[in-house]
Amino acid sequence: MDERKCIRCGSLMVKGEIREIGTPIVFLAFVIPGNKTSLNPISAFIQGLNDESSDQVYRYSNFLGYLCKGCGYFEMTLNHI
Ligand SMILES: [Zn+2]
């Protein structure tokens with residue numbers, strides 16, 4: 001059993017997931033910002049040579065959420081990468 005206690009009040013947290021609700025469909029994602037690619041092609045090429053990271057995007061379907069019914073604390077974690 002996947003039980004998790006709230007780090008703020010110690011109550012048991014309820015596990016949930018993020019879903020698409022309503023229309024039009026809205027896609028949610030968690031993004032870790034990286035370096036934007038330069039509009040200058042030479043600078044962009046140098047960025048590539050330096051292996052500068054771009055945005056890391058995790059789709060919402062990879063997240064699990066935990067809600068504390070005691071205090072309302074909400075926590076999210078990656079289900080898998
Ligand atoms: Zn709590």
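The model is predicted. The protein has one helix and five strands. Along the sequence they run in the order β-β-α-β-β-β. The mean pLDDT is 81, and 80% of the residues reach 70 or more.

**Overall picture**

- Among contacts with a separation of 6 or more, 51% join residues 24 or more positions apart.
- H1 has the highest mean pLDDT, at 89. E2 has the lowest, at 71.

**Helix H1 and the residue that follows**

- H1 spans residues 41-49. The helix has nine residues, and the number buried is zero, so H1 lies largely in the open.
- An α-helix has 3.6 residues a turn, so residues three or four places apart point the same way.
- Asp 51 comes after H1. Its place is in the loop between H1 and strand E3, which covers residues 56-59.
- The phi of Asp 51 is positive, near 55°. Most residues other than glycine have a negative phi.
- Asp 51 has 6 other C-beta atoms within 10 Å; the limit for an exposed residue is 12 or fewer, so Asp 51 is exposed.

- Asp 55 lies in the loop between H1 and E3. Asp 55 is exposed because 11 other C-beta atoms lie within 10 Å, and 12 or fewer is the cut-off.
- Leaving out residues up to four places away in sequence, Asp 55 touches Val 31, Ile 32, Pro 33 and Gly 34.
- Gly 34 is 21 residues from Asp 55 in sequence, yet the C-alpha atoms are 4.4 Å apart.
- Val 31 sits in strand E2, residues 29-32. With 9 C-beta neighbours inside 10 Å, Val 31 counts as exposed.
- Val 31 and Asp 55 are 24 residues apart along the chain. Their C-alpha atoms are separated by 6.5 Å.
- Val 31 touches Asp 55, Gln 56 and Val 57, again not counting residues up to four places away in sequence.

**The E4-E5 hairpin**

- E4 covers residues 63-68 and pairs with E5 in the antiparallel sense, over five bridges.
- The two strands form a hairpin with five residues between them. Gly 72 lies in the turn and has a positive phi of about 90°.
- Two bridge pairs can be traced residue by residue. Leu 64 has Thr 77 in E5 as its bridge partner. Gly 65 has Met 76 in E5.
- In a regular strand the side chains alternate between the two faces of the sheet.
- E5 spans residues 74-78 and is hardly covered. The count of buried residues among its five residues is zero.

- Cys 68 is in strand E4. The cut-off for a buried residue is 20 or more C-beta neighbours, and Cys 68 has 20 inside 10 Å, so Cys 68 counts as buried.
- Beyond residues up to four places away in sequence, Cys 68 touches Cys 6, Arg 8, Cys 9, Ser 11, Met 13 and Tyr 73.
- Gly 10 is 58 residues from Cys 68 along the chain, and their C-alpha atoms are separated by 8.8 Å.

- Asn 79 lies in the segment after E5. With 11 C-beta neighbours inside 10 Å, Asn 79 counts as exposed.
- Asn 79 touches Asn 62, Phe 63 and Leu 64, not counting residues up to four places away in sequence.
- Phe 63 is 16 residues from Asn 79 in sequence. The C-alpha atoms of the pair are 5.2 Å apart.

Definitions and conventions: Residues are numbered from 1 along each chain as its sequence is written. Helices (H or I, at least four residues) and strands (E, at least two) are DSSP runs, numbered from the N terminus. Two strands pair if DSSP finds at least two bridges between them. Two residues are in contact if their C-beta atoms, placed from the backbone, lie within 7 Å. pLDDT is the predictor's confidence in each residue, from 0 to 100.
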